[in-house]
Amino acid sequence: MTQQQLIKVPPTKNTLLEMKKQVRFLEDGHALLERKRELLTRLVYERVGEYQKLRQETHASIKAAYHWLGIAHLRMGSRALQQTALGIAPTLQINIIPKRSMGVEYPAISTELLTMEPVGLLGTDTSFDETRKELTETAQMLTRLGESEMALSRLMAEQRKAQKRVNALKYNIIPRYRATIRYIESVLEEEERNVLFQIKLLREQQ
């Protein structure tokens with residue numbers, strides 16, 4: 001390591017003791033960060049599998065909902081479909097609360113199915129109620145997918161951040177501290193040799 005990469009501190013015994021204390025602290029921090037990075041990596045891999053499964057299920061749910069919407073459109077017509085849909089009570093209640101995992105906060109989304117009253121207006125078709133049912137289930141799937149995607153995104157960002165910190169400590173900060181410690185030790189040893197040499201000369205002169 002070159003002189004420019006050393007930490008600029010006075011090469012004294014007090015500095016040496018302080019640097020050794022700091023490097024132990026940094027090594028402990030590196031070990032903790034490495035552990036956190038490993039746990040985050042494992043959690044990300046688990047979430048990826050969950051997300052991919054949810055995405056496939058949501059895609060199938062959307063496909064089924066649009067299938068019934070197409071049938072309702074053909075049987076009722078667009079005008080009747082729009083008029084019937086106006087003023088219909090919601091069939092799904094969505095609650096969002098903050099959740100934390102490994103120090104990462106993301107929204108936890110829960111849903112509650114509300115009573116879906118059949119529409120008995122003139123000109124409606126049973127396909128309309130089936131469409132409502134499928135769309136409600138699809139909305140449920142989308143909330144679960146949204147939560148999974150948000151959690152995965154934030155966990156991956158935290159994992160990348162932890163990886164950068166681990167690398168910075170391992171390849172830059174801790175090596176600089178160790179090199180500085182070695183440099184101070186060599187300076188102190190050289191000073192000690194010089195002192196001993198001076199003492200030896202004085203004794204010889206006496």
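**Entry 1: V44**

I started with V44, which counts as buried at 11% relative accessibility. The cut-off for buried is under 20% relative accessible area, so V44 qualifies. I was working on a predicted model throughout. V44 sits in helix α1. Which residues does V44 touch, leaving out those up to four places away in sequence? I found L152, L155 and M156. I then checked V44 against L6, 38 residues away in sequence. Their C-alpha atoms are 37 Å apart in space.

**Entry 2: confidence**

Next I looked at pLDDT. The chain has a mean of 89. I noted that 95% of its residues reach 70 or more. Which element has the lowest mean pLDDT? Helix α2, residues 78–85, does, with 84. Helix α1, residues 13–76, has the highest, with 94.

**Entry 3: elements and overall dimensions**

I listed the secondary structure. The chain has three helices and two strands. In what order do the elements run from the N terminus? I read α-α-β-β-α.

Then I took the dimensions. The radius of gyration is 34 Å. A compact globule of 206 residues would have one near 17 Å. I also boxed the C-alpha atoms along the principal axes and got roughly 125 × 25 × 25 Å.

**Entry 4: burial, surface and charge**

How much of the chain counts as buried? I got 29% of the 206 residues.

I counted charges next. The chain carries 32 positive and 25 negative charges. Their mean positions lie 5 Å apart.

**Entry 5: contacts across the sequence**

A65 is in helix α1. Is A65 buried or exposed? A65 is buried, with a relative accessible area of 1%. Setting aside neighbours within four places in sequence, I found A65 in contact with T131, E134, L135 and T138. I looked at E134 separately. A65 and E134 are 69 residues apart in sequence, yet their C-alpha atoms are 4.8 Å apart.

L145 belongs to helix α3, residues 126–205. L145 counts as buried, at 12% relative accessibility. The figure falls under the 20% cut-off, which means L145 is classed as buried. Which residues does L145 touch, not counting those up to four places away? They are Y51, L54, R55 and T58. I also took the spacing to E50, which is 95 residues from L145 along the chain. Their C-alpha atoms are separated by 9.3 Å.

**Entry 6: K8**

I moved to the segment before α1, where K8 lies. K8 has a relative accessible area of 85%. Exposed requires over 50%, so K8 is exposed. How far is the C-alpha atom of K8 from that of I109? I got 51 Å. The two residues are 101 apart along the chain.

**Entry 7: M102**

Last, I checked a backbone angle. Most residues other than glycine have a negative phi. M102 has a positive value, near 55°. Where does M102 lie? I placed M102 in the loop between β1 (92–101) and β2 (104–113). The relative accessible area of M102 is 31%. This value lies between the 20% and 50% cut-offs, so M102 is partly exposed.

Technical notes:
Residues are numbered from 1 along each chain as its sequence is written. This is a predicted model: local features need pLDDT of at least 70, side-chain atom pairs count only at pLDDT 80 or more; totals for chains, interfaces and linings use all residues. Side-chain values use heavy atoms; hydrogens and water are left out. pLDDT is the predictor's confidence in each residue, from 0 to 100. Helices (H or I, at least four residues) and strands (E, at least two) are DSSP runs, numbered from the N terminus. The radius of gyration is taken over C-alpha atoms; the globule rule is 2.2 Å times the number of residues to the power 0.38. Buried means under 20% relative accessible area, exposed over 50%, partly exposed in between (1.4 Å probe, protein chains only). Lys and Arg count as positive and Asp and Glu as negative; His and the chain ends are not counted. The place of a charge is taken as NZ of Lys, CZ of Arg, CG of Asp or CD of Glu. Contact means heavy atoms within 4.5 Å.
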